[in-house]
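Below are my notes on pockets and helix packing in this model. Please read them beside the coordinates.

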Amino acid sequence: MVDFSTILMLIIFTLSIAFMLWRPKGINETIPVTIGAAMIVVLGFVSIQDLKNILSIVSGPSLTILSAIMMSIVLESIGFFKWIAQNIIIKSNNSGIRLYVYINLLCFFMTMLFNNDGSILITTPIIIHIIRFLSLKPHQYTPYLISGALIATASSAPIAVSNISNLIALKIVGLDLNGYVKIMFIPSMIGIFTMSLLLYFLFRKSIPKQLGLISIHDKPSNIFTHPLDPSADTDIDHHLFKICIAVVVITRGAFFALSPFGIPLELIGLIGAFVLIAIRWFKRRMGIKDVVMNSPWHILLFAFSMYVLVYGLKNLGLNTLIITTFKEIVEQGAFNATIIMGILTTVLSNIFNNLPAVMIGTLAITEMGLNPALLQVAYLANVIGSDIGSLLTPIGTLATLIWMFILKKHNIRMTWGKYICITILIIPVALTVSLLSLYLWVLLVLL
């Protein structure tokens, strides 16, 4: 029988998530989540010891993601994104299909270099500027915009450092970064490629064969300015540009090279960000004001508060319910663990949002008493469900909601109905292919 405490906890959790997604009057998503977390701490659903455990879990991943966003702010200030936009059009060579491929690659690499939310913030305005520069018709917008959003979000799956929920869960199951990539990179890449291919075939009639471009110099160059700084028209210092990109790539590489020696990911990321800031100051005498002002410092409180909410559900028996329902099936082998946990997290993500969903799923599997290999399989299926399966509805990820907000801001109409009519044809297939690829790959490298 469900007692009053459980009902109260569920009400607080549901309202917190609802207001986080709704964001009435544009309030920051951290505010409702923090209020909800404070309420359940006051009510005693989460103890002080729980808070200490949560802080130790979420602080590192949050700082790692924050360092990536700081890097993106520095790159923006030296003209990186303006250069990308211009070169995508030039390299497309008047071909709409090439433009589709390049935009997909842009979104993929932006997520790999930074993170999924940051990638959406960077790439969506670039894509909007490109399609408007090319004077595409409204029905021709959709292939580029929606494929960019889906690829940018799904691309957080191959390497854990591109998504805060992946990093948090990684720490819980005790899987290191290199171990994650060894098992996860190939299956998730197969899923992402499948998604891109399906989107192309779905939209092939809407993608223009020829773009009708005469010369990029026929339009003012500041059309490519990133909206984070609408008035900027920064000249590109190619020497500085190459140095800064090298720092970003080295920092990403250092995650994999140095983490096996016990060096914290957040330390590597923050050092990389500070080196980038120092180089910019030395070359341009630009201080850190823009980095301080534009960095989402609230991400630390957001991740902590979200985890407090999930811990409250755990303490009141949600984990017990999941374990009781699914443990016997999951224990039967890697195939069952892959399919069950992937689908479970997909469903939870599209109801609540993928951040609490992957946390709930990960906490549950750690208490199922699975052997280490099966635990890792279940966790990785959990990640695929939260990174790819969550794309079925706009509510599934914050990145998708950010994307829809940016489109609205630029007067581009994208309804939930239109979004779901597209994703219902793409995501179930991509999810199934990803999960089956994970299972087959695990048979080769893990079991």
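How do the residues of the lining of the second largest pocket divide into nonpolar, polar and charged? They divide into 11 nonpolar, one polar and four charged. Ala, Val, Leu, Ile, Met, Phe, Trp, Tyr, Cys and Pro count as nonpolar, Asp, Glu, Lys and Arg as charged, and the others, Gly among them, as polar.

1. Basis. This is a predicted model, in which local features need pLDDT of at least 70 and side-chain atom pairs count only at pLDDT 80 or more, while totals for chains, interfaces and linings use all residues. Residues are numbered from 1 along each chain as its sequence is written, and side-chain values use heavy atoms, with hydrogens and water left out.

2. Second largest pocket. Its volume is about 400 Å³. A pocket here is an open set of points, on a 1 Å grid over the protein atoms alone, where a 1.4 Å probe fits, with protein on both sides within 12 Å along at least five of seven lines; lining residues have an atom within 4 Å of a point. A volume is the space filled by probe spheres set on the points, which are joined across faces, edges and corners. The lining has 16 residues, with L21, W22, L401, M404 and F405 closest to the centre of the pocket. Helices α1 (4-22) and α18 each supply at least two lining residues, and α18 gives the largest share, seven residues. Helices are DSSP runs (H or I, at least four residues), numbered from the N terminus.

3. Largest pocket. About 1000 Å³ of space lies in the largest pocket. Of its 39 lining residues, E29, D117, L121, P296 and I402 lie nearest the centre. Two or more lining residues come from each of α3 (48-77), α6, α8 (164-173), α12 (289-294), α13 (298-315), α16 (354-366) and α18 (398-409). By class the lining has 20 nonpolar, 14 polar and five charged residues.

4. α4 with α6. The axes of α4 (residues 80-92) and α6 (residues 116-133) come within 10 Å and cross at roughly 45°. Axes are lines fitted to C-alpha atoms, for helices over the stretch in contact, and angles run from 0 to 180 degrees between N-to-C directions. The two helices are therefore oblique to each other; angles under 35 degrees count as roughly parallel, over 145 as roughly antiparallel, 65 to 115 as roughly perpendicular and the rest as oblique. F81, A85, I88 and I89 of α4 make the contact with I122, I126, I130 and F133 of α6, where contact means heavy atoms within 4.5 Å. These residues divide into eight nonpolar, no polar and no charged.

5. α8 with α16. These helices pack at an angle of about 10°, with axes 9 Å apart, which makes α8 roughly parallel to α16. From α8, I164, S165, I168, A169, I172 and V173 meet L355, V358, M359, T362, L363 and T366 of α16. The contact has nine nonpolar, three polar and no charged residues.

6. α15 with α17. Helix α15 (residues 334-352) packs against helix α17 (residues 372-387) at about 35°, with axes 7 Å apart. By class, their contact has seven nonpolar, eight polar and no charged residues.
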